[in-house]
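I have kept to what can be read from the coordinates.

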Amino acid sequence: LAAHELVHKLLDQLKPDDRLVIQLLDMEQKTIAEICNLTGWNTSLVKVRAFRARRKLRKLFLDLQNKEHA
């Protein structure tokens, strides 16, 4: 339960389009092609959004860890 809450807390800090890509790609296991069809974005945009969103999530998580250890 705590992990579930943490994931949602971190996701809530993303931009809506980035959150959508992460939810579809990583949580719902949709393919890049399926996401392109759902959003109307091209393949490159989906991949770039996913990369940047994951990087942002990683940074948010590390910042949260650092606050807890401080």
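Which residues of helix H2 (residues 16-27) are buried?

1. The buried residues of H2 are Asp-18, Val-21, Ile-22, Leu-24 and Leu-25, and these residues pack against three other helices, namely H1 (2-11), H3 (32-39) and H4 (43-69). In general, an α-helix has 3.6 residues a turn, so residues three or four places apart point the same way. After H2 comes Gln-29, which has a positive phi, near 60°.

2. On confidence, please keep in mind that this is a predicted model. The mean pLDDT of the protein chain is 95, with 100% of its residues reaching 70 or more. Among the elements of the chain, the lowest mean pLDDT belongs to H1, at 92, and the highest to H3, at 98.

3. The largest nonpolar core is made up of eight residues, which are Val-21, Leu-24, Leu-25, Ile-35, Cys-36, Trp-41, Val-46 and Ala-50. At least two residues of this core come from each of H2, H3 and H4, and it is H2 that gives the most, with three residues. Apart from this core lies another one, of seven residues, which includes Leu-11, Ala-53, Leu-57 and Leu-60.

4. Val-21 deserves a separate look as a member of the largest nonpolar core. When residues up to four places away in sequence are not counted, Val-21 touches Asp-26, Ile-35, Trp-41, Val-46, Arg-49 and Ala-50.

5. How do H2 and H4 lie relative to each other, and at what angle do their axes cross? The two axes come within 9 Å and cross at roughly 100°, which makes H2 roughly perpendicular to H4. On the H2 side the contact involves Asp-17, Asp-18, Val-21, Ile-22, Leu-25 and Asp-26, and these residues meet Val-46, Arg-49, Ala-50, Ala-53, Arg-54 and Leu-57 in H4. By class, the residues of this contact divide into seven nonpolar, no polar and five charged.

6. Is Asp-18 buried or exposed? Asp-18, whose place is in helix H2, has a relative accessible area of 13% and is therefore buried, since the cut-off for buried is under 20%. Leaving aside neighbours within four places in sequence, Asp-18 is in contact with Arg-49 and Ala-53, and both of these partners belong to the H4 side of the contact between H2 and H4.

7. Phe-51 counts as exposed because its relative accessibility is 51%, and exposed means over 50%. Along the chain, Phe-51 and Gln-65 are 14 residues apart, and their C-alpha atoms are separated by 21 Å.

8. Phe-61 is also found in helix H4, but its relative accessible area is 33%, so Phe-61 is partly exposed. Although Phe-61 and Leu-10 are 51 residues apart along the chain, their C-alpha atoms are separated by 7.2 Å. Not counting residues up to four places away in sequence, Phe-61 touches Leu-6 and Leu-10.

Key: Residues are numbered from 1 along each chain as its sequence is written. This is a predicted model: local features need pLDDT of at least 70, side-chain atom pairs count only at pLDDT 80 or more; totals for chains, interfaces and linings use all residues. Side-chain values use heavy atoms; hydrogens and water are left out. Buried means under 20% relative accessible area, exposed over 50%, partly exposed in between (1.4 Å probe, protein chains only). Helices (H or I, at least four residues) and strands (E, at least two) are DSSP runs, numbered from the N terminus. Contact means heavy atoms within 4.5 Å. A nonpolar core is a set of buried Ala, Val, Leu, Ile, Met, Phe, Trp, Tyr and Cys residues joined through side-chain atoms within 4.5 Å. Axes are lines fitted to C-alpha atoms, for helices over the stretch in contact, and angles run from 0 to 180 degrees between N-to-C directions. Angles under 35 degrees count as roughly parallel, over 145 as roughly antiparallel, 65 to 115 as roughly perpendicular and the rest as oblique. Ala, Val, Leu, Ile, Met, Phe, Trp, Tyr, Cys and Pro count as nonpolar, Asp, Glu, Lys and Arg as charged, and the others, Gly among them, as polar. pLDDT is the predictor's confidence in each residue, from 0 to 100.
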